[in-house]
Structures are given as C-alpha cells and as structure tokens.
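My entries follow the structure.

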Amino acid sequence: TPLKNIRNFSIVAHIDHGKSTLADRLIQMTGGLDAREMKEQVLDSMEIERERGITIKAQTVRLKYTARDGEDYVLNLIDTPGHVDFAYEVSRSMAAVEGSLLVVDASQGVEAQTLANVYHALDADHEIVPVLNKVDLPAADVPRVKQQIEDVIGIDASEAVEISAKTGLNIDQVLEAIVTRLPAPKGEIDKPLKALLVDSWYDTYLGVVVLIRVIDGTAKKGQRIRMMASGAVYELDRVGVFTPKLIEVAELGPGEIGMFTASIKEVADTNVGDTITDDRKPTATALPGFRPAQPVVFCGLFPVDASDFDELRAAMGKLRLNDASFSFEMETSAALGFGFRCGFLGLLHLEIIQERLSREFDLDLIATAPSVVYEISLSSGETIHLHNPADLPDVMKIAEIREPWIKATILTPDEYLGAILKLCQDRRGIQRNLSYVGNRAMVEYDLPLNEVVFDFYDRLKSISKGYASFDYQLSDYREGDLVKLSILVNSEPVDALSMLVHRSAAESRGRQMCEKLKELIPPHLFVIPIQAAIGGKIIARETVRAMRKDVTAKCYGGDATRKRKLLEKQKAGKKRMRQFGSVEIPQEAFIKALKME
Ligand code: GDP
Ligand code: MG
C-alpha cells in the first residue's frame, strides 16, 4: 500500500467512554470479520479484561476502507490499555502511530484518564480528532463537553465528530475523519529495514509473536533480521497482519503495522522499543527506544497449601510468558513458608495477576501487604532498594529512607470535593492545584505511593459514589519518617504482616491490626498475646482468650465414630490454617488484617 493511503491511529478514552464499542463498530463497518466472527468486544478478548472492562495488552487491527474520494485506504488501529498501571504500554503503542481519536462520553465529559491518555498522545506528536460518544443518551451535553475539551486540553473541538458507538450513528464520519484529518505515515521503501518493536506476546500455536511498525524498507518471510539493542539475529518464519484474524502477507512495507514469528524462544528475548533491521543491510541509526517498565509495587504470594508450591511456580512462569512487567523470585517466610516475592506495575496489575492465578490455575494464595520500593541510604554510604519490609536493615545502620511519590490528578463532582480533600490530606498529600473543569473540580496532589497502594482507590470510589476519577504518575523519591511496624503473635514476629509506615500513622495502624487479629485468630488452649511494635517498643496489645476447658473435654467423650468425624473435620479445617509456632492463624487473617477501614 502506498504511504498516502495508510493511516495509523489509536483510540484514547477514559474507561467506559466507549473505546471498545467504537473499535467494534469500525471493524464491523470495514468488514474484517463476518457476522458470526463479530463477537461482542473482539478487542478485549481475555476473560478478566472483559469482566472488568479494561484492556491490558495493546492489540492491533488492520481495516480496509474505501473513502469518499474513491481511494482504498488501509487503517491500522492500535488498541491501548486505559488504566493508569499500564501507562507505559500506552505510550509505547502511541509511538507506533501518527494520530488518535479522542473519545469522550458526551454525558460524562472529560475525566482523569481522558487527560492522562491525551497527554500521552500529545507527547507522541499525534494529530487528534475529538469524538463525542453516546450522543444518543438524554444526558448528553455536546456543547458543554466541546467547551471542556477546548478549555482543559486546549485542542479545537469545533469539528468534533458526534457519534453513538452503540447505535452506529455517524461512524462513517469517524472513518472519513481518520482519512482526511490524520496524516499519512512517512518512510522510504528503498532504505534498509527499520522497524519499531511495539509489543510481543506468547501464543500457544504460533509461539512468540512480535508486533512491529515498519518505518523504512520491508520485512518479508525468510529475511534475516537483527534486533539492534539485543544483537539477536532471527529468520522470519511468518509475516502477517490482524484483521483482527491473523492473515499472512508477503511483506510489510513502510508505514505498515503487522506481526512476525521467528522461532524466538521467550518473550523476554524481545525488547519492546528495540529497532529491528536487516542483518545484512542494517540501518545506520536505531530508533530512540524505551526504558523497560519497572515494577513499582511488590508483595509476597504464598500457597495456602505448601504442596502447591511447584504448581504456583509453573503458573507464574506461564503468566510471565505474556507479561514481562510481572516479576517474581523465591521468598521464604517464617510465617508462610515457601512462596514468591512478586513485582507489579501497580495495584490493578497485582489484582489481575492474583485473580488469574486463582481463577485460571485454581491456586489458593495468601498475599502479604503490598509494598512500594524504598530507597535506603546506609551509614556505610551504600544505597539499597528495599522490596520487602521484612528485609529492612537494622535502624542503626540506616542514614535515610526515601519513598516514591506520585502526582495524582482527581476529577470529581463538587459535592464530594470536601471528603476527597480530607482523604488526600489524611494520606499525607500535598495539594498542588485546584481548578474547575465545567462543573467538576480537578485537584492535583503530591502523594506518597505508600499511602495509595493499600486502598486509596477503593476509598476514593466509595466516598464519591463512583463518580471521582483518578490518575497518577510517579514523580520522585523523597525522604520520609518511616518506621517498621511489626506484629507479634504469641511473642513471635510474623514477618508476613510487617510493613513500613509513616511514624505518624504507626500507632493507629498497629492498634487496628491488633484489634482485627484478635477477632480473626480463634481461641487456643492458651492465652495468645497479639502485639504491635516499632523497633523493640510495643505500641499496642490485644489478647485472644484461652478456650474453655470443658468444650474440648466434651469432644473426647463419646463413641469412636464421633471422635473420628471430629478429627476429620479438624483436619479439613487445618488446610486453611497456617501453623505459626504453637498458634494456628487462619488464611483469611492475613488478608483481612491488612485491609484498612
Ligand atoms: P471502554 O471502557 O471505553 O472500552 O468502553 P466500552 O466500549 O466497553 O463501553 C462502556 C459502556 O458504554 C458499555 O456498556 C457500552 O455498551 C456503553 N456504550 C458505548 N457506546 C455507547 C453509546 O454510544 N451510547 C450508549 N448509550 N452507550 C454506549
Ligand atoms: Mg474497553
């Protein structure tokens, strides 16, 4: 296809504003699939993605469109994840295209993720076509939302396309706008191959699939290519495009987006952002490239049943095949036995992985408190990165602890503003800005990530009845007065429950944990003290009272069948318990104790 007849674009939107529905409409109208294949929401194929309505992996579709000028166009749509945890994947897919459709729900208006995503598009120098969706709804207010787009984002919205992705209204105008308002890609077919490695994933049938955007030259079957950063050389087995069905093609030329396979063993052998070139006739300069995504949230995952350890390792290995941003290494805990320390891009990412492990692999897991990565300067001059609060060095050896901070943007209806400001304030937030976007307040806060990882998002949603939207970016590391809060059960520290907290919050947090554990740990034959401590100092204490003797006495009377039944019942109950010294702690205690109210 000649360059002038190619358009590459992405769709940016806040969650639920209709990105997937619009993508489906575009696929439907340009006929990549027949009616039977046109299942609902083709782009969000993974079960969890569908349930949660979010897209995790960027995917791509090639559409064929005959425009009103009579010419045939190839339109390549790259789907981008909409959630803040995957901001990195958003920006790298944006680098592969020249324009974006900015979809805004005309009944809701601009939201936090609308802003975050459109800034990614502007950073990538995209031409942007505003699209107002859901104009079929009575609550749609087109003039107001156009004004918002102009005021807040600063782009001209006078020619925004007004559509209903649901009813199909004006989808043809979206296709025309893509052709007439977005620029054609640039590139030269006679130059050596230069392509951007956009994404890669593991497919059960095809093995490692690599998604590329060709800049110059061509990629064809049998060609020997070189990945410039890694230096690896491969022969292309298969070259194709997604319609969204995979269709093999003879070659991919400048401006085109497509896939190849090349007997690559692991996704980890491919570096997103790498430049792919011809091995014998390489290009002189590589593309700018990306920094790899860094995990920012860590937690321990342990099998409830110790005999599931190998299975857990295998399951994690499988998930990692398709998700290089998820990392894990073995960890042992005195309380929980053998498990793994896992790294995630954010809390949603953590939840998704945990959910997939339990749903797809049927594993019962205990997760320890999520922790951010701390930077610790030791008195010796050395700097370490702490992923696990249990590994905190002796305080005497620590010169300074630094914690990651974020820049958060929250949009909310005015009536919830007071409660939200209080929440941010309680979480050590520093207000940076407060302005209005139409009738909605937009607040910007600097917040310690540590205060956000537990339940900030849930709290925000609940105090705003779901109306507030939230987005954040990591900003910097700052010194913090952080202390290690330890929990002792029967005078033994339970490593899985230790955490770093700000000194000002340590006491109330410790008291809360003790109170909860008191309810969660069943009575034993002896008194169990539950204590919270900072350093050696006990700051809170609760007691689980001893079981009454006569209750057990009764159990040992009676006939043998009853006794056996009772033992069996106890055994079954034990599976969900963790033996800790002489105390049994139920699995749910670990999860519930960590939830803040
Ligand atoms: P995404 O999160 O941006 O991908 O949003 P979806 O495409 O999944 O849409 C979110 C919800 O809005 C779904 O329930 C859609 O059926 C609904 N929706 C999408 N477009 C329209 C529209 O034009 N009109 C109405 N009334 N509902 C829509
Ligand atoms: Mg979607």
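I take buried to mean under 20% relative accessible area, exposed over 50%, and partly exposed in between. I also note that the model is predicted.

Entry on the ligand. I looked up the residues around ligand 1 and found 17, of which Asp16, Lys19, Ser20, Thr21 and Asp136 come nearest. I sorted this shell into 3 nonpolar, 9 polar and 5 charged residues. Helix H1 (residues 19-30) gives the most to the shell, with 3 residues. I then listed contacts from oxygen atoms of ligand 1 to the backbone: a polar atom of Lys19 lies at 2.8 Å, one of Lys166 at 3.2 Å, and a backbone N or O atom of His17 at 3.4 Å. On its own, ligand 1 has 570 Å² of accessible area, and the protein covers 78% of this.

Entry on aromatic pairs. I counted 10 of them. Tyr416 and Tyr467 are stacked, at 6.4 Å centre to centre and 10 degrees between the planes. They are 51 residues apart: Tyr416 lies in the loop between strand E24 and helix H9, and Tyr467 in the loop between helix H11 and strand E27. I classed Tyr416 as buried because its relative accessible area is 10%, while Tyr467, at 45%, is partly exposed.

I next examined Phe456 and Phe470, a tilted pair at 5.3 Å and 50 degrees. Phe456 is in helix H11 and Phe470 in strand E27, 14 residues apart. Phe456 is buried at 0%, and Phe470 is buried at 3%.

Entry on other ring contacts. I found a cluster linked by ring pairs, comprising Phe309, Phe326, Phe328, Phe338, Phe340 and Phe344. The charged end of Arg478 sits over the ring of Trp405, 4.3 Å from its centre.

Note on methods: Residues are numbered from 1 along each chain as its sequence is written. Chains are lettered from A and ligands numbered from 1 in the order in which they are written. This is a predicted model: local features need pLDDT of at least 70, side-chain atom pairs count only at pLDDT 80 or more; totals for chains, interfaces and linings use all residues. Side-chain values use heavy atoms; hydrogens and water are left out. A residue is near a molecule or strand if one of its heavy atoms lies within 4 Å of it. A polar contact is a pair of N or O atoms within 3.5 Å; within protein, one must be able to donate a hydrogen and the other to accept it, and residues adjacent in sequence count only if both atoms are side-chain atoms. Accessible areas come from the Shrake-Rupley method with a 1.4 Å probe; for residues, only the protein chains shown count as cover. Helices (H or I, at least four residues) and strands (E, at least two) are DSSP runs, numbered from the N terminus. Ala, Val, Leu, Ile, Met, Phe, Trp, Tyr, Cys and Pro count as nonpolar, Asp, Glu, Lys and Arg as charged, and the others, Gly among them, as polar. Rings of Phe, Tyr and Trp (its six-membered ring) pair if their centres lie within 6.5 Å; planes under 30 degrees apart count as stacked, over 60 as edge-to-face and the rest as tilted. Buried means under 20% relative accessible area, exposed over 50%, partly exposed in between (1.4 Å probe, protein chains only). A charge sits over a ring if NZ of Lys or CZ of Arg is within 6 Å of the ring centre and within 35 degrees of the ring normal.
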